[in-house]
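Let's take a quick tour of this structure, starting with a sheet and its helices and ending beside the DNA. Keep the picture open while you read.

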Protein chains: 2
Amino acid sequence: MATESKLPMALRAAYLALHRRSEARFARYDVTADQFVLLATLARGDALTQRELARRMPSDPSTVRAMLVLLERRGLVQRDAHPTDSRARTVSLTAAGRRKFRQLWTAGEPVRAQMLGALEPSEAELLARLLTQVADALNAQSVPAGRSNSHHSQKVEP
Amino acid sequence: MATESKLPMALRAAYLALHRRSEARFARYDVTADQFVLLATLARGDALTQRELARRMPSDPSTVRAMLVLLERRGLVQRDAHPTDSRARTVSLTAAGRRKFRQLWTAGEPVRAQMLGALEPSEAELLARLLTQVADALNAQSVPAGRSNSHHSQKVEP
DNA sequence: CAGACTTCGTGCGTATACGCACAACTTTTC
DNA sequence: GAAAAGTTGTGCGTATACGCACGAAGTCTG
């Protein structure tokens with residue numbers, strides 16, 4: 001039974017280590033590791049709805065909202081009315097947000113280097129692939145109580 | 001730059017997916033995913049100090065303390081005076097705690113199966129190894145430019 | 001077009017995940 | 001042995017991470 005829990009525990013340990021390291025690294029910029037993820041996501045695709053932003057992070061929409069409130073207050077992001085959907089709001093980086101993100105990207109370099117340095121280039125690639133496979137499997141809503149071992153990430157029978 | 005952040009993002013996504021899935025799975029037992037980790041750690045080595053428990057989880061000692069308060073209140077763990085060190089307290093599972101853990105272990109089986117099912121057996125092994133490598137690298141206090149770090153016991157090249 | 005259903009964002013409550021400062025205690029040092 | 005230094009647990013503050021319920025607005029029925 002210990003062998004079976006090795007993978008989940010290793011995943012947890014690795015993520016928490018990454019998170020702690022990043023947190024320490026970004027602290028002097030007054031930005032958290034998760035705020036960095038949010039800013040990075042916006043840097044790659046601006047003017048997303050909060051929902052879409054949350055989906056890409058990936059994080060819970062209500063978590064993202066809490067983060068946006070803090071970031072908006074500090075002028076790093078702005079939220080505007082959606083052009084066509086009046087329920088939604090679009091989120092974008094401000095000029096200050098873009099500047100901050102560039103600083104953070106540089107500041108985070110040693111952490112990424114530390115991760116990558118522990119692996120062969122091919123291993124890094126492989127690791128990313130395996131993690132994605134695992135994440136997809138876990139997100140594929142496959143078995144709350146049924147037997148259907150649908151190995152593809154599609155819908156479940158209603 | 002997108003390629004460089006792929007691995008950290010994939011790690012984050014995979015962990016969060018695991019966490020969400022586990023959380024949902026354990027909810028009906030009124031136990032969180034992290035409480036499960038704590039109980040599992042105690043199940044593997046009882047009568048640890050809070051510090052040692054935190055180290056093995058791995059989690060922050062003050063986080064572990066908060067968790068212990070909740071779990072103790074519910075009678076799943078107990079904290080006793082340490083036999084020789086009067087600063088420390090030893091933590092153990094109660095009978096109810098052991099029973100709960102067995103239930104949780106079973107309840108969590110589908111999640112582990114879902115993870116493992118997405119991988120070849122050899123891949124699972126490899127993934128665990130790579131994650132451990134990454135975690136070790138991140139925890140190895142290599143200090144890329146700091147000055148005020150001297151606490152941890154790890155080696156650093158000077 | 002009206003009702004049902006879905007989706008978006010908000011607000012609230014709980015549990016991590018930490019850092020930091022502090023008191024009590026242990027170990028080391030001189 | 002007493003002072004210095006280190007360790008253990010506690011308490012506090014902030015930021016996630018989420019679920020759930022709600023109102024508002026969009027979409028889909030008939």
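In chain A, 3 strands make up an open sheet, lined up in the order β1-β3-β2, with antiparallel pairing. The two edge strands are β1 (48-49) and β2 (77-81) of chain A, and each of them pairs on one side only. Bear in mind that this is a predicted model.

**How the strands pair**
- As a bit of background, strands of a sheet pair through backbone hydrogen bonds, and they can do that in a parallel or an antiparallel way.
- In chain A, β2 and β3 (residues 89-93) pair in the antiparallel sense, with 5 bridges between them.
- If you want to spot one of these partners, look for A:D80, whose bridge partner in β3(A) is A:T90.

**Helices on the sheet**
- Helix α2 (residues 33-44) of chain A lies across β2 and β3 of chain A, and it runs at about 95° to β3(A).
- Helix α4 (residues 61-73) of chain A packs on the sheet too, touching β2 and β3 of chain A, and its direction makes about 110° with that of β2(A).

**Next to DNA strand C**
- There are 26 residues around DNA strand C, and the ones that come nearest are A:Q50, A:R51, A:A88, B:D60 and B:S86.
- The elements giving two or more residues to this surface are α1 (6-26), α3 (50-56) and α4 of chain A, plus α2 (33-44) and α4 (61-73) of chain B.
- Which element gives the largest share? That's α4(B), with 5 residues.
- Sorted by class, the surface near DNA strand C has 10 polar, 9 charged and 7 nonpolar residues.

Notes
Residues are numbered from 1 along each chain as its sequence is written. Chains are lettered from A and ligands numbered from 1 in the order in which they are written. This is a predicted model: local features need pLDDT of at least 70, side-chain atom pairs count only at pLDDT 80 or more; totals for chains, interfaces and linings use all residues. Two strands pair if DSSP finds at least two bridges between them. Helices (H or I, at least four residues) and strands (E, at least two) are DSSP runs, numbered from the N terminus. Two residues are in contact if their C-beta atoms, placed from the backbone, lie within 7 Å. Axes are lines fitted to C-alpha atoms, for helices over the stretch in contact, and angles run from 0 to 180 degrees between N-to-C directions. A residue is near a molecule or strand if its C-beta atom, placed from the backbone, lies within 6 Å of it. Ala, Val, Leu, Ile, Met, Phe, Trp, Tyr, Cys and Pro count as nonpolar, Asp, Glu, Lys and Arg as charged, and the others, Gly among them, as polar.
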